[in-house]
Amino acid sequence: MSDDLNAKLKAAAEKLVGKDALTSKYGLDCFALVDKLLRNLGAQTAADGDVPVTATADYDWGDGILLDSLQPGDILQFRKHVVDIAIWKYANGKWYEASGRTLTRPHHTAIVMEVRKDGSVVVVEQNVHPNPGKVTRNVIPRLDAGEETRVVGSEEKIKLKVTGAVRAYRPAPKPPKGASLLPPGKSAPAGGARALASFVPSQGGAKRTPGPLGMEAPRPDVAGDLMKKDA
């Protein structure tokens, strides 16, 4: 069933690429895209998860998975995620930093479309520069925190530095009404029942405010036109 949901979510997101970003009662943000597509599929949304839905929460979108088991149709939840990309060239007997850019997703949600062998991931998302008002397909060079150098050729290499965190989720069927999402044998936390997110049925979304905008910007310490080259 989860594989079927993954395929359906991927296909639904694919159809929206290039179209106007989805909105909710609270305006334009990344949350609305994933939330509405999951609802249309009858799947579990953040409002059904273990984390109350607030403007700053790390939303629970389904079954938590490890990043190394990521597949198309999975959902990514970012927290203070920053990818610093530096392009290095070799000339006149030495290496120099030719250009670079920084990708930031401070509090963000995206849908996985492709997982590449080099560790980069293609996603569909919205509320991200340079086209925040559109549903866009973008490449994130690396998800997990750390540093690495990728050799492009004898005269070019790419240095990546990633900070922040990413959690991954596999879409799951919506639980039956009144059913507990606690694992078998587990009881509710002391002091009360399991906390559920607030939901506004008439709006199809949770009670929350839009999240911050994802950014893509040239790094200020280098010259170059990498963004133009990628356009």
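Buried here means under 20% relative accessible area, with exposed over 50% and partly exposed in between (1.4 Å probe, protein chains only). Keep in mind that this is a predicted model, where local features need pLDDT of at least 70, side-chain atom pairs count only at pLDDT 80 or more, and totals for chains, interfaces and linings use all residues. Residues are numbered from 1 along each chain as its sequence is written, and side-chain values use heavy atoms, leaving out hydrogens and water.

Start by selecting helix α2, residues 30–40; helices (H or I, at least four residues) and strands (E, at least two) are DSSP runs, numbered from the N terminus. Because 8 of its 11 residues are buried, α2 is largely enclosed by the rest of the structure. Colour C30, F31, A32, L33, V34, D35, L37 and L38 to see the buried ones. Just past the helix, G42 has a positive phi of about 70°.

Now hop to Q126, in the loop between β6 (121–125) and β7 (136–140). Its relative accessibility is 0%, so Q126 counts as buried. Look for two polar contacts (N or O atoms within 3.5 Å; within protein, one must be able to donate a hydrogen and the other to accept it, and residues adjacent in sequence count only if both atoms are side-chain atoms). The Q126 side chain reaches the backbone oxygen of L22 at 2.8 Å, and a polar atom of that side chain lies 2.6 Å from the backbone oxygen of D29.
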